[in-house]
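Good morning, and thank you for coming.

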Amino acid sequence: MIRDSWRIVKLGLKSLMLHKLRSSLTTAGILFGVASVIAMLAVGEGASQQALEQYRDMGVTNVLVRSVRPEETQQSSSNMWSVLDYGITYAEADRIQNLLPQSQVVRVREVQRGVMRGEAFRVTVVVGTQPEFLEVSNMKLAEGRWLTDLDLRNQENVCVLGHSLARLLFPLENPIDQTILAGTEDRFRVVGVLAAQGRAAGPNGTTYDECAFVPLTSSRRRFGDTIRNLTTNRFELTELHEVKVKLASSDQVEGAATVLREMLRPAHQTRGDTEITVPLELLQQEEESKRMFNIVLAVIASISLLVGGIGIMNVMLATVTERTREIGIRRALGAKKKHVVQQFLVEAAVLSALGGLVGVALGMVVPRVITARFDVKTVVLPEHVLLAFCISAAVGVVFGIYPAWRAANMDPVEALRHE
Amino acid sequence: MDRASRPVVAEFDAVHRHYRMGENVVRALDGVSVRIHQGDYFAIMGRSGSGKSTMLNILGCLDRPTAGRYLVGGRDVSQLDDDALSEVRGREIGFIFQSFNLIPQLTVLENLEVPLFYQGRVGAESRRKAEHLAERVGLGKRLEHKPLELSGGQQQRVAIARALMNDPLFLLADEATGNLDSNTEQEILALFDDLRRDGVTIVVVTHNQKVADRAEFTLWLRDGRVERLDDNRRPAEAAP
């Protein structure tokens with residue numbers, strides 16, 4: 001049985017070798033279809049995994065309220081010395097805590113400062129926050145300790161360094177108990193170093209790996225509420241840059257988000273100086289858009305494989321006509337209709353499966369090239385490869401049915417007479 | 001053994017084959033009856049339009065009579081369906097064609113194995129048999145060649161070996177020497193004589209008198225009817 005099947009496949013290959021160019025061109029139709037399907041799926045999967053990771057890092061039980069610098073009008077920007085006042089206030093953060101008593105509310109200030117230690121210097125963001133920040137942001141400590149309630153109460157001049165900032169400022173020594181300078185006069189003692197986060201999330205395009213973390217109270221006392229923005233050179237009055245709200249479970253997220261939107265609307269809607277980010281919603285949107293993407297992809301894939309399939313059908317019809325006499329001979333020598341059908345179906349399937357096989361190989365290489373060249377994350381899932389290959393083989397069979405049926409239903413007498 | 005006591009391998013019993021061409025009915029065969037016994041060497045002759053080809057097609061189970069019965073090895077095959085007829089062709093009949101009809105992309109060995117393939121009998125045994133038959137037709141060293149690498153005479157020898165692969169009840173040759181020069185024709189006819197001596201039943205359809213003369217019987221067809229049946233045997237042979 002297996003030997004016979006192998007014989008039929010071998011026979012199919014032999015017959016296809018009769019027209020090498022024609023067979024390879026037909027195969028190419030399937031090849032590129034399969035390769036592009038796999039490559040597109042890989043890019044889509046990569047993008048969506050990256051997005052999902054990012055949103056998961058933001059915390060699926062979190063709701064993030066950020067202050068947003070409003071668009072400046074001509075009038076306000078003309079006065080260099082006027083203070084731009086925007087964003088969430090301490091009072092609002094307290095109200096959030098009252099409205100959502102079950103939740104953890106973490107206040108965050110982000111102050112841009114040049115951070116220095118000896119020769120090493122880096123402009124970065126000094127994050128003033130509370131002890132709960134570590135848990136809510138899902139971050140880990142590598143060395144030393146994190147900020148404590150006592151640090152906050154005493155407005156201690158201590159700091160915890162992000163992983164890469166620690167590396168930059170202390171390339172050779174242990175940073176713990178060393179002192180760094182933030183700005184021109186504020187000294188902080190390093191008490192801990194965070195583990196590498198390796199992700200993009202962070203304030204204003206800076207990753208948390210590059211930030212320094214100080215007690216919220218120290219930030220307020222040292223830097224004041226009015227801060228000179230180093231980028232725009234404007235004075236800005238922003239009490240808090242972000243409030244992270246961690247809910248007890250993800251099914252409370254939606255309700256909390258609604259409460260927060262309602263609460264912030266009166267004071268902030270017209271200025272548009274706050275923004276609520278709900279990672280869970282983003283996650284769901286991403287999943288939804290991934291579904292859409294998959295549907296679009298399925299349509300494109302079907303079209304390209306349909307085109308490939310038509311190519312196969314075309315070639316198989318030509319083959320059947322050309323080999324009419326062979327069909328007659330085989331019928332005279334005892335082949336039943338089913339044998340003829342089988343022969344031509346196998347040929348069509350071999351044709352498209354070969355295309356599928358090479359297409360799979362190409363489809364696995366292309367995403368690597370894309371990743372290497374454009375720094376885009378791509379993920380080739382084995383089930384996608386298998387799916388693309390199976391579809392390609394199935395296309396051969398489906399589009400081979402009619403030509404094979406035609407071959408089998410030829411009158412043997414006519415077929416033998418065919419020149 | 002005398003002819004009458006040998007079994008009948010193919011029998012036409014008042015076979016009609018009519019085609020409808022628009023309003024007209026063409027009577028390609030119009031009540032042909034004949035018996036071919038095992039070991040016979042039979043020639044069917046006639047001018048074109050005499051019904052030769054139709055008779056060949058029915059003899060070869062490629063076509064069915066419109067009326068009458070056709071028996072192969074005593075079994076009525078006139079009403080069999082397509083699959084069953086294929087089965088009969090594959091097991092009982094050995095075809096030899098004018099244009100050899102080998103499959104070009106297969107080697108000689110693979111061509112020889114085609115008839116057994118459809119009966120699921122390809123394996124070491126079929127290979128031995130193919131080697132043996134190739135030897136017998138004088139092509140033992142050409143098993144791995146492709147048909148187009150062989151001369152016409154050699155191709156026809158392969159075709160004859162192929163026709164013998166399934167141990168058929170009879171060989172059915174359609175103008176088997178029509179595409180060959182006269183020397184090669186003689187070689188092939190000599191091979192038929194050899195086979196005939198070994199007891200192989202041979203039916204040749206031809207319009208070539210030289211070919212027909214080698215046969216024991218010549219059936220003359222005219223307008224779809226049997227004109228006459230000549231017995232070419234020498235008297236000693238012909239005695240019952």
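A residue is called buried when its relative accessible area is under 20%, exposed when it is over 50%, and partly exposed in between, using a 1.4 Å probe and protein chains only. By that definition, 48% of the 419 residues of chain A are buried.

This is a predicted model, in which local features need pLDDT of at least 70 and side-chain atom pairs count only at pLDDT 80 or more, whereas totals for chains, interfaces and linings use all residues. Residues are numbered from 1 along each chain as its sequence is written, chains are lettered from A and ligands numbered from 1 in the order in which they are written, and side-chain values use heavy atoms, leaving out hydrogens and water.

Let us consider the dimensions of chain A. Its C-alpha trace spans about 105 × 50 × 45 Å along the principal axes. The radius of gyration, taken over C-alpha atoms, is 33 Å, while a compact globule of 419 residues would have one near 22 Å.

I turn now to chain B. Where does the side chain of B:Q156 reach a backbone oxygen? That oxygen belongs to B:A176, at 2.7 Å. B:Q156 itself is buried, with a relative accessible area of 0%. Beyond its neighbours within four places in sequence, B:Q156 has contacts (heavy atoms within 4.5 Å) with several residues, among them B:F97, B:F100, B:L180 and B:I188. B:V200, by comparison, lies 44 residues from B:Q156 in sequence and 17 Å away in space, C-alpha to C-alpha.

Technical notes
The radius of gyration is taken over C-alpha atoms; the globule rule is 2.2 Å times the number of residues to the power 0.38. A polar contact is a pair of N or O atoms within 3.5 Å; within protein, one must be able to donate a hydrogen and the other to accept it, and residues adjacent in sequence count only if both atoms are side-chain atoms.
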